[in-house]
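Reader: I have just opened my first protein model and would like to learn how to read it. Could you walk me through some features, one at a time?

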Amino acid sequence: MKIALYDYWRSSASFRVRIALYLAGLEFKTIPVDLLNKDNLNEEYLALNPQGLVPTLLIDDQVLTQSLAIIEYLDETGRLNILPENPVERLRVKTLSFAIAMEIHPVCNLSVATYAVEASDKKITMNHWMEKFVSKGLLAVEKLLAHPQTGTFCHGDQITMADICLVPQVYNANRWNIPLDDYPRIRSIVENLTVIEAFSKASPEEAQKLKGN
Ligand SMILES: N[C@@H](CCC(=O)N[C@@H](CS)C(=O)NCC(=O)O)C(=O)O
């Protein structure tokens, strides 16, 4: 099986898929897509991913897009075990994952944030935009984590899809110097996760070293 990940080192969605691939023990090649250079909008890339977003994963001839769909696919094909069997627990893990990946992340996308800065004649700065939406979104996640089923990780002591979403989002918050003092549960879970090899290996710093491995 040949696996290739079209990836941007700083992209949270790419970071999620890198974590999932490492957790699944799958070897993959990285094909860098430089978002600052707008490589994601060139014709060749758009033919693979019409949304012009990273990541895109190739497994042999299959073209997979949308990080959570990819992660769920890896789970369903038996390579991961990141969604609980019990429907109520599964729902909780998905709720936490979606609160990050479908609420915080899209608003803070490079193209959205850049548009906000430009359309406001720079009255809105990138930092203010990020702080507003990341802080608000993470506060909701912190509240969702005030739950009896929160454990070492977001849901008990097993790594789930929610953890795969949380670590990249917190990386992004740190990148924009957003204080996390009011999010003790998030900080403690992320501390527990970052020592796990799949998470540390998938970090943007490590991904940057991989460039076109
Ligand atoms: N829902 C998509 C989001 C993908 C996404 O937004 N990727 C960002 C990087 S994290 C991107 O490609 N941004 C390009 C842009 O904003 O122009 C997923 O989870 O795969």
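Reader: Which residues come nearest to the ligand?
Author: A residue is near a molecule or strand if one of its heavy atoms lies within 4 Å of it. Here 15 residues are around the ligand, and Val-54, Gln-66, Ser-67, Asn-109 and Ser-111 come nearest. Before we go on, please keep in mind that this is a predicted model: local features need pLDDT of at least 70 and side-chain atom pairs count only at pLDDT 80 or more, while totals for chains, interfaces and linings use all residues. Residues are numbered from 1 along each chain as its sequence is written, and side-chain values use heavy atoms, with hydrogens and water left out.

Reader: What can the backbone tell me at Val-54 and Gln-66?
Author: The peptide bond from Val-54 to Pro-55 is cis, with omega near 5°. Gln-66 is not a glycine, yet its phi is positive, about 70°. Asp-121, also a residue other than glycine, has a positive phi near 55°.

Reader: Where does Gln-66 sit, and where does Asp-121?
Author: Helices (H or I, at least four residues) and strands (E, at least two) are DSSP runs, numbered from the N terminus. Gln-66 is in the loop between β4 (62-65) and α3 (67-76). Asp-121 is in the loop between α5 (110-119) and α6.

Reader: Is Asp-121 buried or exposed?
Author: Buried means under 20% relative accessible area, exposed over 50%, and partly exposed in between (1.4 Å probe, protein chains only). Asp-121 counts as exposed because its relative accessibility is 64%. Gln-66, at 44%, is partly exposed.

Reader: How do I describe a pair of aromatic rings?
Author: Use the distance of the centres and the angle of the planes. Rings of Phe, Tyr and Trp (its six-membered ring) pair if their centres lie within 6.5 Å; planes under 30 degrees apart count as stacked, over 60 as edge-to-face and the rest as tilted. The whole structure holds 5 aromatic pairs. One of them is Tyr-6 with Tyr-45, a tilted pair at 5.7 Å centre to centre and 55° between the planes. Tyr-6 lies in strand β1 (residues 3-7) and Tyr-45 in helix α2 (residues 43-48), so this pair ties together parts that are 39 residues apart in sequence. Both tyrosines, Tyr-6 and Tyr-45, are buried.
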